[in-house]
Amino acid sequence: MDGIGWAAAAMDGARTRLETAAVNLANASSDGFKGVRLRGRVVPDGLRFARLRDAAQGALRPTGRDLDVALAGRGSFAVRDEHAKAVASRGGALQRDRHGRLCDAAGRVVLGMAGALRVPEGARLEPDGRVTLNGAPIDRLRLTPGTTVRSGFLEAANVDAIGEMVDLLGAQRSFESAEKTLAAIDQTRERTVTQTALVRA
Amino acid sequence: MNRALYAAASGMAAQQLNLETIAQNLANADVAGFKGSAMSFEDIAAGAQPLGVQSVGTHTLWKQGKLARSDGAFDLALDGPGFFRVTDDRGRHAFTRNGSFARGADGMLRTTQGCRLDGVRVPADALSVTVSEDGVVAATTAKGTRTCGHIRVAFFHAPERLRAEGGTLFYATSASGLPASAAQTKIKFGMLEQSNVSIIEAMMQIMSAQRAYEANAKGVQAADEMMRIADNLQRG
């Protein structure tokens, strides 16, 4: 690949960086959002990017609402999706439905040890996943071992706004310098072409 | 660049919605029985790759507000979950936690919006009225004291699914189900439940929403600048 090709690949890479920073910044207020990280590598015909999710724990933001649930640790608990399959969830603003079952914001039912988890008014969600009413356990979240539940908290996005702003700026400058390189190569070629023509004339 | 532009623009739109919700909370910070709400956001995903952000709706924060003594003759507050059941001017049942009632000419207790409190009719010759914690309304007339109504507290398992109308008024929906009774909730007579909006918290939210909005605006600018440079690649 020639210089113009490489300069173009650098511009394309800068664009991908900008896109990623913009998406991460846009989701800085999305609870439970995990930031996207780019891993770039050079291949014979340009740059390749792999998009990875940053698994780091987001800050636990106190909300004072009992049914706001955040997980500390890498695990998850089980909810039942629309195909009646148990899928993993990392919490969020949960709510009761009209049958007294616990649901997530999308309406998926949270699973206990025997089907849907019921959390009556006044019941507490303990850090180990037990649901207790007046101190007596009544059910338990299907929680991955090693994970604790924090009721009254939401997990904020793990996006670092300052880092993303720096990345935004960095992407813009690297785009500009790639463009300058491309322009310089283009100018050199133009001169070669025109001056060669002058000699012939 | 277009993807970056759309992602940043979706972030600006989301923060604008967020600001509207916070502003609504602030505007009602002095309304008795008002419950603040919060907006939730989620990434717009195309497969595993997020493309932007969208609002997934608001939810009402049902946290109990502080009870404050008040001097209205028919002020009531709920200590615990539940609602007063009222009938609006179109005859529909509605639910509210705003217990600032006033007595109409017909002896009915009405909210400031004109909704009638169910289950109570104050006799015309009543000198004073008291309400017990379990909702029994007693009127004292020249002839003595007698019961003139019973206020029942309505309770919903899924209050999040109620439909809000005009600040403190809520209507039942198919998702919220029908009201049950809330036995453990006490009615406090001569008190009002203050709004559960914290002004300080709302100010903090406004500041961070504003900064997030600006950060996304910078994203739009950066994408625009890149497009300008790309457009100028072809000289002459």
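# Helix packing and local geometry in a two-chain model

Biologist: H1(B) passes H2(B) in a left-handed crossing, in what is a predicted model. Is H1(B) roughly parallel or roughly antiparallel to H2(B)?

Modeller: The axes of H1(B), residues 2–27, and H2(B), residues 199–231, come within 8 Å and cross at roughly 160°. Because angles over 145 degrees fall in the antiparallel class, the orientation of H1(B) relative to H2(B) is roughly antiparallel.

Biologist: How many nonpolar residues does the contact of H1(B) with H2(B) have?

Modeller: Sorted by class, this contact of H1(B) with H2(B) has no charged residues, and its polar residues number 8. The count of nonpolar residues in the contact is 17.

Biologist: Which residues of H1(B) make the contact with H1(A)?

Modeller: From H1(A), the contact draws on A:Leu18, A:Glu19, A:Ala22, A:Val23, A:Leu25 and A:Ala26. By class, the residues of the contact of H1(A) with H1(B) divide into 9 nonpolar, 2 polar and 2 charged. The residues on the H1(B) side are B:Arg3, B:Ala4, B:Ala7, B:Ala8, B:Ser10, B:Gly11 and B:Ala14.

Biologist: And what orientation, roughly parallel or roughly antiparallel, do H1(A) and H2(B) have?

Modeller: H1(A) and H2(B) pack with their axes 9 Å apart, at an angle of about 160°, and H1(A) passes H2(B) in a left-handed crossing. With the antiparallel class starting over 145 degrees, the orientation of H1(A) and H2(B) is therefore roughly antiparallel.

Biologist: Which residues of H2(B) does H1(A) meet?

Modeller: The residues that H1(A) brings are A:Arg15, A:Leu18, A:Ala22, A:Leu25 and A:Ala26. The residues of this contact of H1(A) with H2(B) divide into 8 nonpolar, 2 polar and 1 charged. In H2(B), the residues met are B:Ala215, B:Asn216, B:Gly219, B:Ala222, B:Ala223 and B:Met226.

Biologist: Which element of chain A supplies the largest share of the side that touches chain B?

Modeller: In total, 34 residues of chain A are in contact with 41 residues of chain B. On the side of chain A that touches chain B, at least two residues each are supplied by H1, strand S8 (95–96) and H2 of chain A. The largest share, 8 residues, comes from H2(A).

Biologist: Is A:Ala7 buried or exposed?

Modeller: A:Ala7 sits in helix H1 of chain A, and beyond its neighbours within four places in sequence it is in contact with A:Ala178, A:Thr181, A:Leu182 and A:Ile185. Because 20 other C-beta atoms lie within 10 Å, A:Ala7 counts as buried.

Biologist: Where is A:Ala84, which has a positive phi although it is not a glycine?

Modeller: The phi of A:Ala84 is about 60°, whereas most residues other than glycine have a negative phi. With 7 C-beta neighbours inside 10 Å, A:Ala84 counts as exposed. The place of A:Ala84 in chain A is the loop between strand S5 (77–80) and strand S6 (86–89).

Biologist: Which residue of chain B is in contact with A:Gly100?

Modeller: A:Gly100 lies in the loop between S8 and strand S9 (102–103) of chain A, and with 16 C-beta neighbours inside 10 Å it counts as partly exposed. The C-alpha atoms of A:Gly100 and A:Arg118 are separated by 6.0 Å, although these residues are 18 residues apart along the chain. Leaving aside neighbours within four places in sequence, A:Gly100 is in contact with A:Arg118, A:Pro120 and, from chain B, B:His157.

Key. Residues are numbered from 1 along each chain as its sequence is written. Chains are lettered from A and ligands numbered from 1 in the order in which they are written. This is a predicted model: local features need pLDDT of at least 70, side-chain atom pairs count only at pLDDT 80 or more; totals for chains, interfaces and linings use all residues. Axes are lines fitted to C-alpha atoms, for helices over the stretch in contact, and angles run from 0 to 180 degrees between N-to-C directions. Helices (H or I, at least four residues) and strands (E, at least two) are DSSP runs, numbered from the N terminus. Angles under 35 degrees count as roughly parallel, over 145 as roughly antiparallel, 65 to 115 as roughly perpendicular and the rest as oblique. A crossing is left-handed if the near helix is turned anticlockwise from the far one by less than a right angle, and right-handed if clockwise. Ala, Val, Leu, Ile, Met, Phe, Trp, Tyr, Cys and Pro count as nonpolar, Asp, Glu, Lys and Arg as charged, and the others, Gly among them, as polar. Two residues are in contact if their C-beta atoms, placed from the backbone, lie within 7 Å. A residue is buried if 20 or more other C-beta atoms lie within 10 Å of its own, exposed if 12 or fewer, and partly exposed in between; C-beta atoms are placed from the backbone.
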